[in-house]
Structure formats: structure tokens, C-alpha cells
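User: I would like to learn how to read side-chain packing in a model. Please take me through it feature by feature.

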Amino acid sequence: MMSFGEPWPECNDGIHYRDLSRPSDAGATLIEFYSRKYKSSAPLHGWLQRIHNKQITIDGCVVTDPNSVLRGGEELVYHRLPWNEPDAPYSLEILYEDDDVIALNKPSGLQVLPGGLFQQRTVLTQLQRHASNLTATAYREPHPVPVHRLGRGTSGILLCAKTKIAKSRLAAFFAYGTSLVGVCRGNDTHQKVTRNITKVYRALASGVVVEDNVVIDQPIGLVKYPGVAKGLYVASPSGKPAFSKVVVLERNLLRNSTLVQVEIQSGRPHQIRIHLSFIGHPLIGDPLYNIGGQPKCSDYESVNERFAQDGGYEKPGKPVPGDCGYHLHAHRLVVSHPLKNEIIEITATLPRILQTVVESEAKETP
């Protein structure tokens, strides 16, 4: 299999945040605009520091006077200074590729899309670099982008589009759901209802799962959690529907663990981690989710009042809490091709810890 990826630079390029002032902003000063609209980003003197540090432009011109008066309709740009992102792998294995689709074997520890402390060290960055030589045609406009997400600590198959039309159609497949979801009964006729995607994972769960097959349909919702701006996904009766089918592959009584296969028929964030913890079997090494699908008591460093180099509140020095340390691998994907009348079947090699004894011995046999 081919691989690609360039080593990460020491620092990223920072981020440019753009705003368009409204007619209602006319008469306000520059410092009033930012300190009112983005008070959670920095206190008043933090924004003063950013202005004096030449980090803000109005219609392309650097402005260092915080009392500059806005007319309304200007483009304001704040440049967040570059920073060192946490360590992350950069090499990606290609599992499948054609003119429209590329499937990657994502390593654990690499974030898919920019967010939090990771803005450049992402799959998206490497994918865009890899696809930079794509050429546009009447039907294929280059648009390299992942069409779904895997947790930073989750490894395995990540499906990406290379064109806008492929992205649009694959996104619709994922929005509709995955796998077999039911059987329609009417007039004594059984008609299977199928999806365009099947996703199968391997996971190492704690404890010994007694049942050979378990179906979990616990809804998943958001709760507030320190260090996570949008909140943390947990098992919640008021959450969105989620469905996982768990099959036991191997039990290890000595290690008190169970190797399972999980087929998901929805794609909620952290779904497998939440569902397995909900039934009393959190993933081995999961530092976040506890029995019941709820977060463990966090010793995670929260945002404090110290100030960063560019005047903002000091952000936590660690990535999102608990997003690595567990064993979860997107092993198999079956998907309808977005533009061709064919089915794509993709498999990502299993990490040794997620192989059964038989699979492991078979690999060792010459």
C-alpha cells in the first residue's frame, strides 16, 4: 500500500479570524467591538495588547489605535499568533483511491479536522497537500475532504472525497445512516431496507461480556464538560438515537477483557466508547468514559486566568481530555460508490492487540 504525508513544521501559521462590521457597529471603537463580541477569548487589556501588537487589520490595513471608530461594513481580521501543536503522527496509508474517492488508514493520535489545539496537524492538511495536483473538469471540481470523522485516538478507515460531487453524495450516505436497519412488512411481503454504508469496528472492552451478541440503542447527547467548548457526548435519554450491534470475538478471562466486533448503524461522536461503557464494559485504556456511558471525574486542567502570548486566556496545555489511550479500530467499510454503479469494500489491517489468537497465529505462520 502507498503512503503519503509530510513532517509537521515546528509551529503552525496561526489563525485568521474575519468579521464584517454591521451598520449597527457604526460609531463603536475597535476595542469596543472586540471586547464586547469576543470577551470569552480575552479580557479588555488582552484585546488592547493584540491591537498594539499589530494583530488586527481593518480593510487590509494594520490598525494600532484601539479607539479607531468603525463606520460599519469594514472587514476586520484578527491574526492569532502561531503556536506549537501537540505531537501527532503525519503518515497516512492509502487503502483505496480513484478519481473521486480516497480511503485512508488513519493512525491513532491524528485528528481529522482542525479544532482546539490542532489546527494544522490534521488529516485534512495532509489530504489537501496530497491532492494539490488534482485538475478540475466539467464534472469533477477538486475538493479533497474527509466525509466523516474518527476520534483522534481511533485508528482505521477514513473515507474522503476528492471532488465536490463525490463529497455531496457521500455526505448524504452518512447522513442517511449505515447498514441494514429494518424490515418493512406489508401484504405478507418482506422487503429489506438497506443503507449505502456498512461500518465495522474492532474494540477491546474491559471485563468479560457474557452475551455473544448485544444490541445497544442508547441515545447519545451533550453535557457541559471542562476543557470542551461545545460539551461532551455521553449516554443521555434526551439525546439523539444511536444503534450499535456488538459481537463477541474472543474472551480473555486472565486479562478480564473481551475482543468485540461492533457494527454501527448511526454515527454519533464517541458512539462505540459510550455504548460499551453504558453496558458496563468501557474500552480498555479509555481515560474518559466510565460505566454507564458517563465521564469519569476529571482531573483535567481547566482554563485559567493566566494570559497567553497574544493576550488571550491561557488555554489548556493538553488536547481534548480522554481522546487517546483506548483500542478502537475502523476495520471494514462497504460503501456504494458515489458516481459508479459499484460497491467498494475496504479493509484496514488490524493492530496486533485487536487480533484474535487465531488471526495472530495465522500471521506468524510462514
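User: Is tyrosine 38 buried, partly exposed or exposed?

Analyst: Buried means under 20% relative accessible area, exposed means over 50%, and partly exposed lies in between (1.4 Å probe, protein chains only). Tyrosine 38 has a relative accessible area of 28%, so it is partly exposed. Tryptophan 47 is at 1%, so it counts as buried.

User: What should I know about the model behind these values?

Analyst: This is a predicted model: local features need pLDDT of at least 70, side-chain atom pairs count only at pLDDT 80 or more, and totals for chains, interfaces and linings use all residues. Residues are numbered from 1 along each chain as its sequence is written, and side-chain values use heavy atoms, with hydrogens and water left out.

User: How do I read an aromatic pair, and how many are there?

Analyst: A pair of aromatic rings is described by the distance of the centres and the angle of the planes. Rings of Phe, Tyr and Trp (its six-membered ring) pair if their centres lie within 6.5 Å; planes under 30 degrees apart are stacked, over 60 edge-to-face, the rest tilted. Here the count is six aromatic pairs. Phenylalanine 33 and tyrosine 34 form an edge-to-face pair, 5.2 Å centre to centre with 85° between the planes. Phenylalanine 33 is buried at 6% relative accessibility, and tyrosine 34 is buried at 1%. The rings of tyrosine 38 and tryptophan 47 have centres 6.3 Å apart and planes at 40°, so that pair is tilted.

User: Which residues do ring pairs link into a cluster?

Analyst: The cluster holds Tyr17, Phe33, Tyr34, Tyr38, Trp47 and Tyr78.

User: Which charged end sits over the ring of tryptophan 47?

Analyst: The rule needs NZ of Lys or CZ of Arg within 6 Å of the ring centre and within 35 degrees of the ring normal. Arginine 50 has its charged end over the ring of tryptophan 47, 4.4 Å from the centre. Arginine 80 does likewise over tryptophan 83, at 3.9 Å.

User: Which residues touch the most other members in the largest nonpolar core?

Analyst: In soluble globular proteins, nonpolar side chains tend to be buried together. A nonpolar core is a set of buried Ala, Val, Leu, Ile, Met, Phe, Trp, Tyr and Cys residues joined through side-chain atoms within 4.5 Å. The largest has 48 residues; Leu104, Ile157, Leu159, Leu170, Leu276 and Val335 touch the most other members. Apart from it lies another core of 13 residues, including Tyr34 and Ile51.

User: How many disulfides are there?

Analyst: A disulfide is a covalent bond between the sulfur atoms of two cysteines. With the cut-off for a pair of cysteine sulfur atoms set at within 2.5 Å, the count is zero. Cysteine 160 is buried at 0% relative accessibility, whereas cysteine 324 is partly exposed at 26%.
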